[in-house]
Amino acid sequence: MALERTFSIIKPDATRRNLTGKINAMLEDAGLRIVAQKRAQLTKAQAEGFYAVHKERPFFNDLVAFMTSGPVVLQVLEGENAVLKNREIMGATNPADAAEGTIRKSFAESIEANSVHGSDSPENAAIEIAYFFSGIEIVG
Ligand code: IDP
């Protein structure tokens, strides 16, 4: 099967607790390769643009405030079935529903502060990667 790429964010609740290395180890142990990575402080406009699809949801303003509350780590992950594989490693949005051994079960603080973002389809992965990375920053 062809290699696939997905977009990942280590969220501010996780960077604040210094969990980047532990999360990266879980991604790598599952067979995903980190082919691009950068730490960033998102602006309000960047976070609003990234989550534009959720604009009408009641939690939108809180989500933008949370995502700009501290540094994030932006990543491109590569591997077979990378989109689905990353969603499996992440676990359910609400950590109360997440399976044992997943990142969110292990580390998430709440349904909002749930430690990681991962693209939900190859189409969205391509859009999200292009939102934050230029081609020269991704080295497979
Ligand atoms: P996902 O990150 O698992 O794909 P989405 O439904 O796309 O979940 O939601 C995007 C993000 O919005 C979640 O990861 C979480 O941080 C936040 N979020 C989702 N649902 C709620 C909610 O009911 N209350 C507060 N924040 C939420």
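Helices here are DSSP runs of H or I of at least four residues, and they are numbered from the N terminus. The model described is a predicted one.

**Strand β3 and its partners**
- Strand β1 (residues 3-10) runs antiparallel to β3 and is joined to it by 8 bridges. Within this pair, glutamate 78 of β3 stands opposite arginine 5.
- Strand β2 (residues 33-40) also pairs with β3 in the antiparallel sense, over 7 bridges. Here, isoleucine 34 has leucine 77 of β3 as its bridge partner.

**Helix α2**
- Helix α2 comprises residues 20-29, and its buried residues include Ile23, Asn24 and Leu27. These three lie on the same side of α2, because they cover an arc of only 100 degrees around the axis.
- Gly21, Lys22 and Asp29 are exposed on the other side of α2.
- Glycine 31, which comes just after α2, adopts a positive phi of about 100 degrees.

**Histidine 117**
- An unreviewed UniProt entry places the feature "active site" at His117.
- Histidine 117 is located in strand β4, which covers residues 116-118.
- The relative accessibility of histidine 117 is 11%, so this residue counts as buried, the cut-off being under 20%.
- Leaving aside neighbours within four places in sequence, histidine 117 is in contact with residues including Phe7, Ser8, Ile9, Tyr51, Arg104 and Glu128.

Key:
Residues numbered from 1 in each chain as written. Predicted model: local features only at pLDDT ≥ 70, side-chain atom pairs only at ≥ 80, totals over all residues. Heavy atoms only, no water. Pairing = 2+ DSSP bridges. Helix = DSSP H or I, 4+ residues; strand = E, 2+ residues; numbered from the N terminus. Buried < 20%, exposed > 50% of the residue type's maximum accessible area, 1.4 Å probe, protein only. Arc of directions from axis to C-beta. UniProt positions renumbered as here; feature names shortened; annotations may be inferred. Contact = heavy atoms within 4.5 Å.
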